[in-house]
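User: I would like to learn how to read a few structural features from a model. Could we go through them together?

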Amino acid sequence: MMGLGQTERVDLDQQRLDLAGTRGFTAPGAGQVRRAAMAELSRRWITELWVTATYGARMDGVALACVGSLARGDSGPLSDFDLVLLHDGRSMSKKEITSLADRIWYPIWDGGVKLDHSVRSVGECRSVAAADLSAAVGLLDLDLLAGDEQVVAAARSTLGHDWRANARRRLPELVESLEARHRSHGDLAQSIEPDLKEARGGLRDMSVLRALTAAWLADRPHGQVDTAYCTLLDARDALHVVTGRGRDRLGLQEHDAVAALLGQPDADTMLSVVGTAARTVSYAIDGTARRAAQSQRARTLRVGPRRPVLKTLGFGLFEHDGEVVLGAHLDPARDPLLVLRAAVVAARRGLPLSSTTLTNLAERSPALSVPWSPVARSLFTDLLAAGPGLIPVWEGLDLAGVIDSWVPEWSQIRSRPQRNPVHRHTVDRHLIETVVQATAFVADVERPDLLLMAALLHDIGKIAGAHDHSLLGAPLAAKVAARIGLEESEVEVVELLTREHLTLIDLATRRDPEDPQTLAAVTAAVAGRRDVLELLRALTEADARAVGAAAWTDWRAQLLDQLVAGARTALGDAAGPLAQTGPLAQTEEVPDLLAPDAVAGVAMGEPYVVVHAIGGAYRIDVFDRDRLGLFGDTAGLLAACGFIVRTARVRTQEGIAVNQWQVDSPGGDAPDAAAIGRGLASLAQGDRQPLRALDRRRLVTAEVVGTGPRAQTRAMVVPHASQDSTVIEIRAQDRPALLHEVGMTFARAGLSVHSAYIATYAGQTLDTFYVSEFGGRPLSPARVAQTISMLMDACDSPPPTGR
């Protein structure tokens, strides 16, 4: 037994460590070269053991094989050996096989190398794989070390055939075991002391990816995923070298040394790189498992890829097997807004974007013009307002590189760890979680879009070297808000919210909430504005809830409510320019003058319609003789044509309605001015035929407006807002056909709409109507109460399709 060299065996671990050190960690491709060299060393060492154990004789029907990292060629400096002594069950007796195994295993144990070993026939391998899912996955990597290669080839072929034949039955078990392991070991990217092997996104997940591919149910992504896998292997290798042990958990005490060995400037940067790699693997396994399940369903239903089932989602997008895909005719290079539209559609429905769609959008979409157009900005806000469906869609966009093109500052916080123990997530994930939490408060603030924007950016200053992330992040948030196209006054609010996002909770928990000095500090923080106070209060709770239970307790909530109540009293109704600005401040004015022939036609009851293309959307100017129900008819007609109203401004001049509607066209067709005019003329004559499409659309699933909580409808009178009209403001969850229902409610109540301002912020309507009785009188208190009740019922009723 000493012929091989006892010293060499004893020092194998040291040899592997030395080899890892000499190969280095920082040069491009060094990891693959290092692991290949270590695999060669280990295989040579084991092969020499085999020669010694078999006395150099040829062994027919018997072979030594490996599984795990050694079989894949990606073992670490101190990884254990997972060996199988494989035999055909005929060539050697049980006693001879046992004796041979002892002559192999004992020298390995003497050398101090960790060993997982087994002795099995090909038939026994099949039985073990059939009974143990983990063993079945591991045996897929079976590879020859020494001996009869035919035995190993037969085992590989048989095991592979069995795995494919039983894939449908074993897939649910595989997914269940995957989820159980993730629950047990956590999410690698979100952990400060991650398990590099067993956690979600870790090395073990790559074995599952390969197993899914081996089942012929779905192919796995390559490219970025392979690069991410190498990054995780490098971190594992460095951990082995630093600790001198074959460990997989990256503890706090190893952070600095591992970072230095990997050539990273600090531990946080190292964790960010490793975390991003884990997110890439995690996203890949989610998608591959989903596609494998789709393939399984297709086989069960005998529906093959030749007959795909596509569900229309609008804007040339479709749902296919639980994913959002691009229509065949769509070219992202021709429409810079397509990536935003696709993201909104996917997030609202709680569906992922398919991997192919993500790649096409990321690689072919042109950059958005800076500052962004109102349509782009509105779509981005819709994405933020989508609720929990935002999380997986944002993850896919971020890993594909789309988020960097929108918010370059995001790269500084991507996967950045937070060492405060109350935090559950990295900085970037915390921001997205805060956005989702903030959707619960969109009905409580004047400008929900600014709330969501501040939620997205409030920790943008948590970058390397930051001492006060609030002060550092405020100008960064302002820069992002300006790029996205917010007005200067709106940018100032986002900047203020970012700078002061910790102020309320700090004052509530550390100061007397009833002390005049405390209330003065709150008043100063919100620039003396009640609307900003409500935004900051909502952001404070959303931020705390996103952190976790330790940051948002009943006690802290009570203190915050007490402080804000006192600040509300101190501020009264003080408001800033945002509250005084009409919701259509950024839309173009409808021309007051028409051509003489058009004026004559409108006076005779012939509507005049003009359509303008405005960067991915359309503005429809409608001139018509004012009449009861005109607003509702116009909204209904646009909905019947399949358009979605974004904003509107309605006013009446000397008996002529001068209306402006900004719409999206999910079907891709431009509005037909002549057809809209004919429809309005028919409706004025009492012919409801143009609205029949609304009845048909009731049979179609309405557009999903988000996966978050539904906000409560509010309708109220704005006192002293007009001498000639009663001003009613409606705040409701935006949904299909809402404006038509509201307009018809006014018509049924016998009320004339003289002026209206329609806007949607982050999925919330902010609609203001100037109405009067038929004779032009403001509403009496009794009529106000009746109208408000009718409007509440209309807003909460099940809708047809199209706002």
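User: Thanks. In the hairpin of E5 and E6, which residue in the turn has a positive phi?

Analyst: Before we start, note that this is a predicted model. The residue is Phe315, with a positive phi of about 60°, and the hairpin leaves two residues between E5 and E6. Three bridges join E5 to strand E6 (residues 317-320), and the two run antiparallel.

User: What happens in the hairpin of E6 and E7?

Analyst: Here too there are two residues between the strands, and Asp321 takes a positive phi near 50°. E6 and E7 pair over four bridges in the antiparallel sense. For Glu319, the bridge partner in E7 is Val324.

User: How do I put these strands together, and which ones are at the edges?

Analyst: Start from the general idea: along a regular strand, side chains alternate between the two faces of the sheet. In this case the strands form an open sheet of three, in the order E5-E6-E7, with antiparallel pairing. Strand E5 (311-314) and strand E7 (323-326) are the edge strands, each pairing on one side only. From one strand to the next, the twist averages 40°.

User: Which helix lies across E5, E6 and E7?

Analyst: That is helix H14 (residues 338-349), which runs at about 40° to E6.

User: I also see a sheet of four strands. What is its order, and what kind of pairing does it have?

Analyst: The order is E3-E2-E1-E4, the sheet is open, and the pairing is mixed. Strand E3 (115-121) and strand E4 (143-147) stand at the edges with a single partner strand each, so one side of each has no neighbour in the sheet. On average, neighbouring strands are turned by 25° against each other, direction ignored. As an example of the pairing, seven bridges join strand E2 (residues 81-87) to E3, and these two run parallel. Phe81 has Leu115 in E3 as its bridge partner.

User: Which strands of that sheet does helix H3 touch?

Analyst: Helix H3 (residues 30-53) packs on the sheet and touches strand E1 (62-66), E2 and E4, with its direction making about 35° with that of E4. Helix H8 (residues 149-165) also lies across E1, E2 and E4, running at about 155° to E4.

User: Let's turn to aromatic rings. How many aromatic pairs does a search of the whole structure find?

Analyst: The search finds twelve aromatic pairs. One of them is Tyr106 with Trp109, an edge-to-face pair at 5.1 Å centre to centre with 90° between the planes.

User: Why can two residues of one helix point the same way?

Analyst: An α-helix has 3.6 residues a turn, so residues three or four places apart point the same way. In this structure, Tyr106 and Trp109 both belong to helix H5 (residues 94-110) and are three residues apart, about one turn of the helix. Tyr106 is partly exposed at 46% relative accessible area, and Trp109 is partly exposed at 37%.

User: What geometry does the pair of Tyr608 and Phe623 have?

Analyst: That pair is tilted, at 6.0 Å centre to centre with 50° between the planes. Tyr608 is in strand E8 (residues 608-613) and Phe623 in strand E9 (residues 618-625), so the pair ties together parts 15 residues apart in sequence. Tyr608 is partly exposed, at 33% relative accessibility, whereas Phe623 is buried at 2%.

User: Which residues form one aromatic cluster?

Analyst: Trp372, Phe380, Trp394, Trp406 and Trp410 do. The largest nonpolar core has 95 residues, and those touching the most other members are Phe380, Trp394, Leu397, Trp406 and Trp410. Leaving aside neighbours within four places in sequence, the contacts of Trp410 include Trp394, Asp398, Leu431 and Ile460. A second, separate core of 58 residues includes Phe25 and Leu232.

User: Where does the charged end of Arg447 sit?

Analyst: The charged end of Arg447 sits over the ring of Tyr761, 4.4 Å from its centre. Arg164 lies over the face of Trp216, at 4.2 Å from the ring centre.

How values were computed: Residues numbered from 1 in each chain as written. Predicted model: local features only at pLDDT ≥ 70, side-chain atom pairs only at ≥ 80, totals over all residues. Heavy atoms only, no water. Phe/Tyr/Trp six-rings, centres within 6.5 Å; stacked < 30°, edge-to-face > 60°. Buried < 20%, exposed > 50% of the residue type's maximum accessible area, 1.4 Å probe, protein only. Lys NZ or Arg CZ within 6 Å of the ring centre and 35° of its normal. Pairing = 2+ DSSP bridges. Axes fitted to C-alpha atoms, helices over the stretch in contact; angles between N-to-C directions. Contact = heavy atoms within 4.5 Å. Core = buried A, V, L, I, M, F, W, Y, C linked by side-chain atoms within 4.5 Å.
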